[in-house]
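Here are some notes to read alongside the structure. Please go through the points in order and find each place in the viewer as you read.

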Amino acid sequence: MKQNLLKESEKSINKAVKYLNQEKLVALKTETVYGIACDPGNISALKKLYQIKQRPIYNPLIIHVNSIELAKKIVHTTDDAECLMKKFWPGPLTLILPRKINNFVHDIALSGLESVAIRFPKSNIMREIINKFQKPIAAPSANESGYISATDANHVIDSFGNKIDLVIDSGRTNFGLESTILDMTKKPYQLKRHGVIDSKIITEKTGIKIVIANCKNKKFQKPNSPGQLLKHYAPKTPLFTNITEPMQGDAFLNFGKRKYNHKATLNLSTTANLDEAAYNLFDFLRKLDKLKKKRIVVAPIPNTGIGITINERLDRASI
Ligand code: TXA
Ligand code: MG
């Protein structure tokens, strides 16, 4: 086992808190994907984080909290925002809200924006570490900028080796896709990133209306959602979607009952279960990428529920 990879335990959690206080980086499981945690108030930790991820400095970080009270120290809320916090937190919903002056979050973590993307994760380890650290945590997904997100501690090691001071292995993440991001800084509220929580469900449960930002549209290629513009979630192997007949030499990502006689094949869900497909997506893309074939070709995925998020990730990966 790598020296910087430790199983989740009281000891490794205490070590993580100690490291966060020492300007170090710690990879942790959340319910969505693994994140690289650091102190959002510490310039040197933030610089290290942007550097190892090769993340452009104009791409701000999500700030993770362990209570609505802590969130309210960092952002200005409204009745609608608090309604969503009460209904969906802790859980995979990130809210973009106006920034409040505070001592926790440095400008660098926010790329100088006047808004903050804030999230109260369900992940036990993340919440416990924020409890012990007594401050919020900045955590982008634990992948090199633009590459496939990490849903397993070994993915983090594959991407960064010992460049991260500590990686805590808490097993595979629950959902396998990132949180939903909703911009509430102005009306109409805009969905900035499809994620685990379907925006239709948000509206159904709360009556709060949401418009879907067309992220590929040039209009949105502005600094208020920088991570959503470019090619992303992409394997090194060129990826093609909606393919029903893989060619010789392809790595094939199948979905559903149809069987193929194609050697390099993984099936996201043989029972055509979209939640299972979401859970497997990034893991299987990483596995197929390792085969170093000419192409990764992906079977059609139904565009409903979490299938919309899966297709959005695949579209970006195939740009
Ligand atoms: O599920 C998740 O959200 C994971 C786990 C680790 O919490 N985190 C995650 O972080 O996906 P990251 O950095 O990979 O994606 C965050 C996205 C980026 O596209 C970034 O541009 C956007 O959130 N973002 C952050 N702050 C923002 C802000 N103030 N306004 C608009 N977009 C923002
Ligand atoms: Mg990411």
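In what order do the four strands of the open sheet lie, and what kind of pairing do they show? Keep in mind throughout that this is a predicted model.

1. The open sheet. The order of the four strands is β1-β8-β2-β3, and their pairing is mixed. At the edges are β1 (5–7) and β3 (34–37), each of which pairs on one side only. From one strand to the next, the twist averages 25 degrees.

2. A pair inside that sheet. Strands β1 and β8 (residues 166–169) run parallel and are joined by three bridges. To find the place, look for Leu5, which stands opposite Val167 in β8.

3. Helices against the sheet. Helix α5 (residues 124–133) packs on the sheet and touches β2 (26–29) and β8. The direction of α5 makes about 130 degrees with that of β2. Helix α6 (residues 153–160) lies across β1, β2, β3 and β8. Relative to β8, α6 runs at about 155 degrees.

4. The two sides of helix α4. Which residues of α4 (residues 79–88) are buried? They are Ala81, Glu82, Leu84, Met85 and Phe88. These residues are on the same side of α4 because they cover an arc of only 160 degrees around the axis. On the face turned away from this buried side are Asp79 and Lys86, which are exposed.

5. What covers α4. The buried residues of α4 are covered by several elements, including α3 (68–74) and α7 (199–206). Two strands, β5 (93–98) and β9 (180–183), are also among the covering elements.

6. The nonpolar cores. The largest nonpolar core has 67 residues, and Trp89 and Leu95 are those with the most contacts inside it. Another core, of 32 residues, lies apart from the largest one; among its members are Val196, Ile243, Phe255 and Ile296.

7. Two cis peptide bonds. The bond from Trp89 to Pro90 is cis, with omega near -10 degrees. Pro90 is in the loop that lies between α4 and β5. A cis bond is also found from Lys187 to Pro188, where omega is near -5 degrees. The loop that holds Pro188 is between β9 and β10 (189–193).

8. Positive phi values. Tyr233 has phi near 55 degrees, which is a positive value in a residue other than glycine. This residue, Tyr233, lies in the loop between β11 (210–212) and β12 (239–240). Asn242 is also a residue other than glycine with a positive phi, near 60 degrees. The loop containing Asn242 is between β12 and β13 (250–254).

9. Surroundings of those two residues. Is Tyr233 buried or exposed? Tyr233 counts as buried because its relative accessibility is 2%, and the cut-off for buried is under 20%. Asn242, in contrast, is exposed, with a relative accessible area of 55%; exposed means over 50%.

Methods. Residues numbered from 1 in each chain as written. Chains lettered and ligands numbered in written order. Predicted model: local features only at pLDDT ≥ 70, side-chain atom pairs only at ≥ 80, totals over all residues. Heavy atoms only, no water. Buried < 20%, exposed > 50% of the residue type's maximum accessible area, 1.4 Å probe, protein only. Arc of directions from axis to C-beta. Contact = heavy atoms within 4.5 Å. Core = buried A, V, L, I, M, F, W, Y, C linked by side-chain atoms within 4.5 Å. Pairing = 2+ DSSP bridges. Axes fitted to C-alpha atoms, helices over the stretch in contact; angles between N-to-C directions.
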